[in-house]
Structures are given as C-alpha cells and as structure tokens.
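User: I would like to learn how to read the features of a model such as this one, going from the general idea to the particular case. Could you take me through it step by step?

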Amino acid sequence: MAGKVMQAVWYTCYGGGAAGLKHVEIPIPAPGNDEILMKIEATSINPIDWKIQNGFVRPILPRKFPFIPLSDVAGEVVEVGPGVTNFKAGDKIVSTLGGAGGGLAEYAVAKESLTVPRPSEVSAADGACLGIAACAALHSLTVTGGLKLEKTEPRTNILVTAGSGGVGHYAVQLAKLGNTHVTATCGARNIDFVKSLGADEVLDYKTPEGAALKSPSGQKYDIVVDCTTVIPWSTFEPNLSPTGKVIDITPSGGTFWNYAMQKLTFSKKQVIPLLVIPNAQEIGCLVKLVKEGKLKTVIDSRYPLSKAEAAWAKSIEGHATGKVVVEP
Ligand SMILES: NC(=O)c1ccc[n+]([C@@H]2O[C@H](COP(=O)([O-])OP(=O)(O)OC[C@H]3O[C@@H](n4cnc5c(N)ncnc54)[C@H](OP(=O)(O)O)[C@@H]3O)[C@@H](O)[C@H]2O)c1
C-alpha cells in the first residue's frame, strides 16, 4: 500500500469537541514487524475517546498531535509485518489499538498481540464495540467481582447502573450468564430495553426509588457495576450485602479516598476503582460469546466516516442506548 492515501479524521489540540475533528487525506500507514495493516470496516466510540480530547489523561494521551482517535476496531487484514504468524491478508479480525488510537480512518495498524479472528457470525460493527465497553463489563464482573459465568454457582445479587449504556448493556447480559439476580438502572424510555437484555428488575434513575437504588424485591447487592459518575458511596452502602463490592469504572477522588479508608478500617463493604485495558484474551472470549448467541451488541446509531462529527457529538451527549458506531 506504499504511496497510497486514505481518509482519516484527527484533532490537532486539546478541546473543541466535535468541531475539533478535521477530515484529512494522509498516507496509509505501514505495518511494523509484529503489526497488521487492516482495512477498517467498523469502529466504535467510547466516552474515554472524547475525554482524551478534553485532556482527561494529559499529558499521557494523546502521545502526540495530530491524533486520530478511537481504538476499538474490526475489519480485514490487508498486509502483515514479517513477524506476524497468526494472520494473513483477507482474514476478518477484531482489534484494539490502545493508546496509539488510529481507528477513525479507512486503514489502521494493529498489534498482532491485540488482535483476534472474527468468525462470520460476528459482524464488523458487533465486533468493533467489544473492546473497551464489553471488556470493562466482563472484567468488572468476573475478575474484580469474582462472578463465575456458570449457573452452578451460588446465587449472586448484582446491580448495574446505567444498564442502557455501552458498558451497562453488556454488563446486564454477561451478569445473567451466571446464577444471578440482576437489578439495573436506566431512564424511563429504556426500561423495556434493559428488561429485554435479561435484567430481573429495572429502576428508573429519575424516580426517588431509582435514585436510592432500592431493589423492588428487597435484594442486597453482592456486586455493583457502577457505570455512572454521580452516585455517592452513602447511596450504595445501605443497599449492599455484608460483603458487597461497588466496582466504580468512573472513579473520582472520592472513590480513591473511600477505597483507602475502607482498606485501613478492614471494611467488608468496599468500593473498588477500576480502569480496564482491553486485551486479546478477553476480546476473544467476548467474540466467542457473540458467536454462540450468548451476548449481543446493541447499536444506538451508525455513521459513515464523513459524518464522524455527528457520531462524536452523539457520544458526548451521554444518551446512547448501546453503542455508537462509525463505518468508513
Ligand atoms: N474504567 C474503565 O475501564 C471504563 C471502561 C469503559 C467505560 N468507562 C466509563 O464508564 C462510563 C459509562 O460508559 P458507557 O460507554 O457505558 O457510556 P454511555 O454509553 O455514553 O452511557 C450512556 C447511557 O447512560 C445512561 N445514564 C446516564 N446517567 C445515568 C444515571 N445516573 N443512571 C442510569 N443511567 C444513566 C444514559 O441513559 P439516559 O439517556 O436515559 O440518561 C445512556 O443510556 C463513562 O464515564 C466511561 O468513560 C470506564
């Protein structure tokens, strides 16, 4: 592909939101030794993508400007570096590009170690949503929460906040693969949707009961996957079982303070701050679940690359039901 060009969308400085995105024509990147050049068929937006643009992890990311955002991608292998052994041109794949980004473009270079094969049962759009959001849901429940996705285990009571969002809609479905009772919160318009994902009971977060996180059937939660930014520990605490854990995927300073205090006082109820970095093993596990029909990606909206700004704005609004996808 040397000398050929592609369409891409980048930003050149912090801030600016959707208006800060610029469409450019640039050379198609070349794969390094252990890398794969892929033609992107679909990519998805996560809130961390526009938070990085806002300077949330400054000065670590972006590594440099201009920066092509998005890391969750699916597509087809075009060319591989000499050290790549498991993929060849024409293979369908799902990959995560990590902090290097590059997903908002027609082509991207992916590490072989962060790439998994994509079976024909898993569409590019479905696969492109699994990286950050589904890995966060899987990791929270199974690694941090210790949930086994088998029906033979003792019953676990789970709360998923924002069960309608990118992470939450996967967390509800994954939680129901275990022997669980799942309560979820969402807005009134999404109650039927979240029930359709398998939740046993759903609370409208704008009602007093929903804001208090009270289970209608009186469950005390063993694991909470908190996908919101606004709920204080004092609201979670009375709703937890004696050893209940709140896994906070949007931790604030208060989360870290509570975490430290609870460790110091040997509290059995805990909040645990969590940052998940997607890896091939977890993405492969999720692809398998989608292939087997045990997990589905729900797509809020799809945009062509030419309308990337609209997709970006949609994610920033914070009202997606499922995932926002861009298809070059
Ligand atoms: N730590 C990690 O590794 C990690 C990984 C992935 C994501 N995250 C973070 O997790 C958060 C969620 O990510 P996401 O991709 O799921 O976001 P998202 O898809 O943008 O979430 C939007 C959904 O959340 C619902 N929602 C918003 N506030 C709510 C509340 N107070 N109670 C119940 N539902 C509420 C919205 O419903 P309405 O439209 O009805 O308001 C909407 O359906 C983000 O802050 C993201 O940065 C962290």
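**Reading the helix packing, core and backbone**

Analyst: Helices α3 and α9 are roughly perpendicular to each other, a term that covers angles of 65 to 115 degrees, whereas under 35 counts as roughly parallel, over 145 as roughly antiparallel and the rest as oblique. Please keep in mind that this is a predicted model, in which local features need pLDDT of at least 70 and side-chain atom pairs count only at pLDDT 80 or more, while totals for chains, interfaces and linings use all residues. Residues are numbered from 1 along each chain as its sequence is written.

User: At what angle do α3 and α9 pack, and how far apart are their axes?

Analyst: Axes are lines fitted to C-alpha atoms, for helices over the stretch in contact, and the angle, from 0 to 180 degrees, is taken between N-to-C directions. For α3 and α9 (residues 280-291) the angle is about 90°, and the axes are 10 Å apart. Helices here are DSSP runs of H or I with at least four residues, strands are runs of E with at least two, and both are numbered from the N terminus.

User: Which residues of α3 and α9 make the contact?

Analyst: Two residues are in contact if their C-beta atoms, placed from the backbone, lie within 7 Å. On the α3 side these are Leu-130, Gly-131, Ala-134, Cys-135, Leu-138 and His-139, and they meet Glu-282, Ile-283, Cys-285, Leu-286 and Val-287 of α9. By class, the residues of this contact are 8 nonpolar, 2 polar and 1 charged.

User: How many residues does the largest nonpolar core have?

Analyst: A nonpolar core is a set of buried Ala, Val, Leu, Ile, Met, Phe, Trp, Tyr and Cys residues joined through C-beta atoms within 7 Å, and a residue is buried if 20 or more other C-beta atoms lie within 10 Å of its own, exposed if 12 or fewer, and partly exposed in between. The largest such core has 92 residues, and Met-38, Ala-137, Val-160 and Ala-171 have the most contacts inside it. Helix α3 (residues 130-144) gives the largest share, 9 residues. Domain 1 (5-129 + 297-327) and domain 2 (133-273) both contribute residues, so the core lies between them; these bounds come from an automatic or database domain assignment. Ala-137, leaving out residues up to four places away in sequence, touches Val-167, Tyr-170, Ala-171, Leu-174 and Val-225.

User: How far apart do the C-alpha centres of domain 1 and domain 2 lie?

Analyst: The C-alpha centres of the two domains lie 29 Å apart, and 7 residues of domain 1 are in contact with 8 residues of domain 2.

User: Which backbone features deserve a look?

Analyst: Most residues other than glycine have a negative phi, and most peptide bonds are trans. In this model a cis peptide bond joins Leu-61 and Pro-62, with omega about -5°, and another cis bond joins Phe-65 and Pro-66, with omega again about -5°. Pro-62 is in the loop between α1 (47-53) and β4 (72-80), and Pro-66 is also placed in the loop between α1 and β4.

User: Where does Leu-70 lie, and is Leu-70 buried or exposed?

Analyst: Leu-70 lies in that loop between α1 and β4 and has a positive phi of about 85° although it is not a glycine. Leu-70 counts as buried, with 26 C-beta neighbours inside 10 Å. Leu-213, in the loop between α6 (208-212) and β11 (221-226), has a positive phi of about 65°, and Leu-213 is buried with 21 other C-beta atoms within 10 Å.

Conventions: Nonpolar A, V, L, I, M, F, W, Y, C, P; charged D, E, K, R; others polar.
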